[in-house]
Amino acid sequence: AALARSVLDAAGAVQDASEVTGVAVENLQKWHAVAGMAGVSTEDVNNSMVKLNKSLFGAANGEKKSAALFKQMGIEVRNADGSIRRIDDVLPQVAEAFDKTHDPATRTAMAMTLFGKSGAKLIPILAKGKGLAEALSEAQRKGIVVSESSIAAMDDLGDNMGMLGTQVRGIAGNIMGELA
């Protein structure tokens with residue numbers, strides 16, 4: 001029962017984080033795994049991805065600092081149809097730019113601009129460049145990644161079990177109130 005609850009809680013956390021960060025469920029799990037191996041918390045990854053989304057939005061809407069950095073890295077922030085690109089599409093290019101940048105001060109400035117305070121913690125991961133894609137694929141091969149449909153189903157089950165528990169406590173509270 002404890003294992004089942006733990007799995008449901010983890011699935012719910014990944015689903016919620018995916019919705020907040022804008023990173024696909026399966027990709028986010030890969031990032032969490034690779035970051036964890038480098039000593040970076042899932043919270044730092046999630047916060048960094050939220051900030052990257054904000055940086056993409058800012059750059060796409062004329063915020064000078066972010067726009068200049070994306071341009072310097074050779075990364076388009078908008079798709080051909082004018083929509084803002086997804087993090088999942090931009091991250092490989094960001095990693096390549098970090099791999100090509102060897103100056104530590106420049107890497108730190110890039111990380112802070114794109115990912116905020118927790119971005120500096122991602123530098124060792126991002127600096128892997130094309131090796132990052134291999135590390136992310138390795139997480140998939142090791143069975144760490146749960147499918148998006150399974151995560152969604154477990155998140156729904158966890159939510160329903162939580163609601164059931166709340167209902168039971170409410171009914172029990174009303175009964176106890178009447179008895180008192």
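**Close-up 1. Gly-12 in helix α1.** Gly-12 lies in helix α1 (helices are DSSP runs of H or I with at least four residues, numbered from the N terminus). The model is predicted: local features need pLDDT of at least 70, side-chain atom pairs count only at pLDDT 80 or more, and totals for chains, interfaces and linings use all residues. Residues are numbered from 1 along each chain as its sequence is written, and side-chain values use heavy atoms, with hydrogens and water left out. Gly-12 is buried, at a relative accessible area of 10% (buried is under 20%, exposed over 50%, partly exposed in between; 1.4 Å probe, protein chains only). Its C-alpha atom is 9.4 Å from that of Ala-153, 141 residues apart along the chain.

**Close-up 2. The negative surface patch.** Asp-16, Glu-19, Asp-156 and Asp-159 gather in a patch of negative charge on the surface (patch residues have over 30% relative accessible area and no salt bridge, and like charges are joined within 9 Å; a salt bridge is a side-chain nitrogen of Lys or Arg within 4 Å of a carboxyl oxygen of Asp or Glu). Helices α1 (2-21) and α9 (148-179) each supply at least two residues of the patch. Asp-16 is found in α1 and is partly exposed, with a relative accessible area of 43%.

**Close-up 3. Asn-46 and its contacts.** Asn-46 belongs to helix α3, residues 42-60. Asn-46 has a relative accessible area of 17% and is therefore buried. Leaving aside residues up to four places away in sequence, Asn-46 touches Ala-17, Thr-21, Leu-28 and His-32 (contact means heavy atoms within 4.5 Å).

Key. Patch = residues over 30% accessible without salt bridge, like charges linked within 9 Å, V, L, I, M, F, W, Y side chains within 5 Å. Areas by Shrake-Rupley, 256 points an atom, 1.4 Å probe, with all protein chains shown as cover. Lys, Arg positive; Asp, Glu negative; His and termini not counted. Charge placed at Lys NZ, Arg CZ, Asp CG, Glu CD.
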